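Good morning. I will take a few minutes to go through one model with you, helix by helix. Please have a look at it first.

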Amino acid sequence: MTILGNALLQIASPQLPPPSNVVFFVATVIKIVVLFSLYMVGVALLTLAERKVSAWIQDRHGPNRVGPGGLLQPAADGLKNIMKEETYPDAANIPLFVLAPIMAFVPAMLTWCVIPFAAPLPTRWGLIDMVIAPLPIGYLFILAISSLGVYGIVLAGWSSNNKYALLGGLRASAQMVSYEIAMGMATIPVLLLAGNVALNDIVLQQAHGLWNVLGLTVAFFIFLVAAFAETNRLPFDMPEAESELVAGYHSEYSAMKFSMFFIAEYANMVTASALMVTLFFGGWDIPGQWDVAPWSVLKTFATGGFFLFKVLFFLFFYMWIRWTLPRFRYDQLMALGWKFMLPLSLSYIVVMASAILGLDAAGVARGSWAFGLSLLALNVVLVAILFLFIDRGRLISPAYSRLDKRNLDTLRAAAAESSLMREGRD
Amino acid sequence: MAIGIKVLDRPIDQSSYVRATLKGMVLTAKHLLNPQKVTTQYPEQKKSLSPRWRGTHRMLTTEDGKAKCVACGLCPTVCPANCIKLVPGEDEKGNRYPLVFEIDEFRCIFCGYCQEVCPEEAIHVGRHYENAEYSRQGFVYDLERLTAQTHPVCEMWDPADPKGE
């Protein structure tokens with residue numbers, strides 16, 4: 001195992017001297033403990049942040065009774081949920097019913113272990129990567145694990161033995177499968193630019209050139225929308241859809257098991273935000289001299305803080321969107337995924353691949369200013385086309401359609417005739 | 001049209017979802033940054049009551065601390081909710097006084113007729129509303145409890161001054 005671990009470490013960052021096994025083990029345990037605690041506290045505070053942001057947007061105060069400014073509200077919620085009774089529906093499949101909240105929660109946490117969150121930390125025992133597991137297949141790992149998240153929801157829907165829960169679970173699976181494709185496709189241009197699937201390399205590529213959001217805005221847009229759908233957040237929260245499905249897949253859940261779904265949703269949000277930051281906003285990169293060797297403790301903390309800031313921005317963005325947009329109709333959701341996002345991402349891959357190939361053939365070096373600027377110029381044109389022409393009336397199908405003039409005349413004639421007949425009868 | 005229905009006057013193939021989203025986000029951001037909060041933080045802040053507010057009853061007392069009530073029986077008679085229980089008594093000098101005077105605040109509809117009809121200005125409805133009890137029986141206020149109330153009493157509607165100015 002240790003040999004394998006060392007080998008993986010060397011593949012991920014061959015230019016660094018590998019730390020010894022003991023150091024690697026101790027550092028990893030410390031990183032896991034610190035990150036896990038930060039993550040759980042952060043997720044708890046996010047539930048408060050969500051309620052506060054929603055309140056402010058709606059001109060309310062939000063929770064402000066527990067602790068200063070309502071800061072202890074998550075603790076009070078947790079306490080309440082632990083004290084409450086766990087209910088099991090009579091006809092539920094109990095093992096799966098218990099397993100489902102865990103299945104929803106664990107993949108969201110697992111994804112975090114491959115996301116690099118700061119510049120490497122130089123210590124007396126060698127350079128330590130600020131990522132729990134610097135997997136050389138980082139991005140593929142994320143794709144594989146994040147699709148596992150749907151199992152939690154589907155299992156919850158099915159094992160509850162409740163029609164609304166089942167409908168919620170089915171919707172979740174259909175939605176996540178549809179958007180997973182667009183999401184994967186949207187990141188292919190990123191991988192083309194980085195030439196690798198290791199997340200550290202993607203971050204370094206952006207650190208040495210342009211952040212991908214400038215070079216690949218369309219891909220970012222697709223990824224953003226798909227990430228919203230993947231995390232079941234509004235405007236894509238079909239699986240919950242309280243106005244139609246009671247509470248969707250977690251209708252039958254109570255107490256801490258219900259809370260686990262809640263935590264899983266926020267954990268997924270954090271992971272998706274971190275992923276967006278890593279793939280499109282340069283990860284922990286601060287433009288300037290912060291992202292190059294020699295590394296220092298200050299650099300590690302500064303880049304870590306900046307990474308946190310970027311992730312928090314996206315978390316806020318999630319909430320902002322949630323309290324702005326109404327929910328999609330289900331057919332609109334599917335149409336958007338399959339008829340708009342998928343073709344768009346496929347054609348974008350073709351355009352970007354030919355652009356990169358063309359630039360390579362023209363002898364423009366990767367990471368040079370000319371390379372970045374030409375991608376940026378192409379991007380501006382593509383974004384203009386997307387948002388000024390393709391967007392018009394095609395993104396969302398309306399709830400009504402305009403009647404043909406001929407049909408309208410026929411209908412009016414029929415209405416007039418029937419009213420004449422009624423008058424005659426009276 | 002009269003009730004302000006907004007009709008989309010441009011064809012659907014010219015409308016942009018992304019632009020509409022951005023517009024909505026600007027609107028929510030405006031509220032986020034500059035909220036016009038109207039919530040009253042209730043237990044700390046209270047809204048002022050109208051001088052004509054009719055709430056919890058209060059029995060006024062004479063200087064020597066006894067209830068002004070002479071047990072004439074007008075208030076139980078006029079009470080539309082039938083929530084006043086009065087048993088009259090008489091002392092050795094022939095003065096009438098209430099042996100039992102109970103108001104069921106749960107039955108009461110706070111019309112204020114008892115205050116209007118009272119010849120001695122003894123029973124009043126008051127400017128007070130925070131009543132909470134653990135049982136229905138707790139809402140039956142006896143004479144002792146009614147005299148112990150200290151909140152300001154209601155100023156009844158005056159026909160000469162209909163707007164209360």
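Predicted model: local features only at pLDDT ≥ 70, side-chain atom pairs only at ≥ 80, totals over all residues.

Staying with α12(A), its buried residues include Phe306(A), Phe307(A), Phe314(A), Leu315(A) and Tyr318(A). Two lysines, Lys299(A) and Lys310(A), are buried as well. What covers the buried residues of α12(A) includes α2 (21–57), α9 and α11 (255–280) of chain A.

Next, α13 of chain A, residues 330–361. From its first C-alpha to its last, this helix of 32 residues reaches 45 Å, close to the 46 Å expected at 1.5 Å a residue. Where does α13(A) have a kink? The kink lies at Met341(A), shortly before the proline Pro343(A), and amounts to about 30 degrees. Met341(A) is also one of the buried residues of α13(A), along with Leu333(A), Leu336(A), Gly337(A), Ser345(A), Tyr348(A) and Met352(A). The cover over these buried residues includes α6 (163–194) and α9 (217–230) of chain A. Just after the helix comes Gly363(A), with a positive phi of about 85 degrees.

That brings me to α6(A) and α9(A) as a pair. How do their axes cross? They come within 8 Å of each other, at roughly 155 degrees. The two helices are therefore roughly antiparallel, and α6(A) passes α9(A) in a left-handed crossing. On the α6(A) side, the residues that meet α9(A) include Met176(A), Tyr179(A), Met183(A), Ala186(A) and Val190(A). On the α9(A) side, among them are Ala219(A), Ile222(A), Phe223(A), Ala226(A) and Ala227(A).

Leu72(A) sits in the loop between α2 and α3 (73–83) of chain A. How many other C-beta atoms lie within 10 Å of Leu72(A)? There are 15, so Leu72(A) counts as partly exposed, since buried would take 20 or more and exposed 12 or fewer. Leaving out residues up to four places away in sequence, Leu72(A) touches Val66(A) and Gly67(A). Ala255(A) is 183 residues from Leu72(A) along the chain, and their C-alpha atoms are separated by 19 Å.

That is what I had to show. Thank you.

Terms used. Residues numbered from 1 in each chain as written. Chains lettered and ligands numbered in written order. Helix = DSSP H or I, 4+ residues; strand = E, 2+ residues; numbered from the N terminus. Expected span 1.5 Å × (residues − 1). Bend = angle between axes of the 7 residues up to and from the residue. Contact = placed C-beta atoms within 7 Å. Axes fitted to C-alpha atoms, helices over the stretch in contact; angles between N-to-C directions. Parallel < 35°, antiparallel > 145°, perpendicular 65-115°, else oblique. Left-handed = near helix turned anticlockwise from the far one by under 90°.
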